[in-house]
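Here is a short briefing to read with the model open beside you. It starts with a pair of charged side chains and then widens out to the fold.

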Amino acid sequence: MDLVASPGAEVRAAAAGVVTFSGLVAGRPVVTVSHPGSGSPPLRTTYLPVTGTVPVGSAVAAGQVIGQLAADGRHCAARDCLHWGLLRGSRYLDPLALFGAGAARLLPLGGGGE
């Protein structure tokens, strides 16, 4: 899920968990939070491009600041945005499921509604 935001914006954990990764992936800063007790394998939320501010191994509460959005402009049609993901193992899931919300809706790249 992509959420438009400005570089430097605080990024908060979507749910309680443990920071299991904070570093660069393919040259972009990424933070991963694992959510123990969420099944097997446990759910993980990913946040990029985010410069982490919490050390790996730290427990975080839902809503706690875990980093700041880094300038990128490569992912969201040359705009800055937060890419927020939810995974179980290697399978991507709809991150809105964490909140019991409806399914995400994909829009066309051109934004023309086709």
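## Charged pairs

The side chains of Arg12 and Glu10 form a salt bridge, with N and O 2.8 Å apart; the term stands for a side-chain nitrogen of Lys or Arg within 4 Å of a carboxyl oxygen of Asp or Glu. Please keep in mind that this is a predicted model, in which local features need pLDDT of at least 70 and side-chain atom pairs count only at pLDDT 80 or more, while totals for chains, interfaces and linings use all residues. Residues are numbered from 1 along each chain as its sequence is written, and side-chain values use heavy atoms, with hydrogens and water left out.

- Side chains of opposite charge can pair when their charged atoms come close.
- By the rule above, the count is two salt bridges.
- The other pair to look at is Arg28 with Asp72, where the closest N and O atoms are 2.7 Å apart.
- This pair links distant parts of the chain, 44 residues apart: Arg28 is in strand E4, and Asp72 is in the loop between E8 and E9.
- Is Arg28 buried or exposed? Arg28 is buried, at a relative accessible area of 17%, whereas Arg12 is partly exposed, at 45%. Here buried means under 20% relative accessible area, exposed over 50%, and partly exposed in between (1.4 Å probe, protein chains only).

**Overall fold**

- The protein has 10 strands and zero helices, and along the sequence the pattern reads β-β-β-β-β-β-β-β-β-β. Helices (H or I, at least four residues) and strands (E, at least two) are DSSP runs, numbered from the N terminus.
- Of the 114 residues in the protein, 32% are buried.
- Among contacts between residues at least 6 apart in sequence, 54% join residues at least 24 apart. Contact means heavy atoms within 4.5 Å.

- E2 and E8 are joined by three bridges. Glu10 has Gln68 of E8 as its bridge partner, and Val11 stands opposite Gly67 in E8.
- E6 and E8 are also joined by three bridges and run antiparallel. Gln68 of E8 is the bridge partner of Thr51.

**The largest nonpolar core**

- This core has 14 residues, and those touching the most other members are Val11, Val33, Tyr47, Val50, Val60, Ile66 and Leu82. A nonpolar core is a set of buried Ala, Val, Leu, Ile, Met, Phe, Trp, Tyr and Cys residues joined through side-chain atoms within 4.5 Å.
- Strands E4 (28-35), E8 (65-69) and E9 (81-88) each give two or more residues to this core.
- Leaving aside neighbours within four places in sequence, Tyr47 is in contact with residues including Val11, Arg12, Pro29, Val33, Ile66, Leu82 and Trp84.

**Thr45 in strand E5**

- Thr45 lies in strand E5 and counts as buried, with 0% relative accessibility.
- Not counting residues up to four places away in sequence, Thr45 touches Val31, Thr32, Val33, His35, Trp84, Gly85, Leu86 and Leu98.
- Thr45 and Leu93 are 48 residues apart in sequence, and their C-alpha atoms are 9.8 Å apart.

**Backbone points to check**

- Most residues other than glycine have a negative phi, and most peptide bonds are trans.
- Ala26 has a positive phi, near 55°. Ala26 sits in the loop between strand E3 (17-25) and E4 and counts as exposed, at 74% relative accessibility.
- Ser40 and Pro41 are joined by a cis peptide bond, with omega about -10°. Pro41 is in the loop between E4 and strand E5 (43-48).
- The bond from Leu48 to Pro49 is cis as well, with omega near -10°. Pro49 is in the loop between E5 and strand E6 (50-52).

Methods. Two strands pair if DSSP finds at least two bridges between them.
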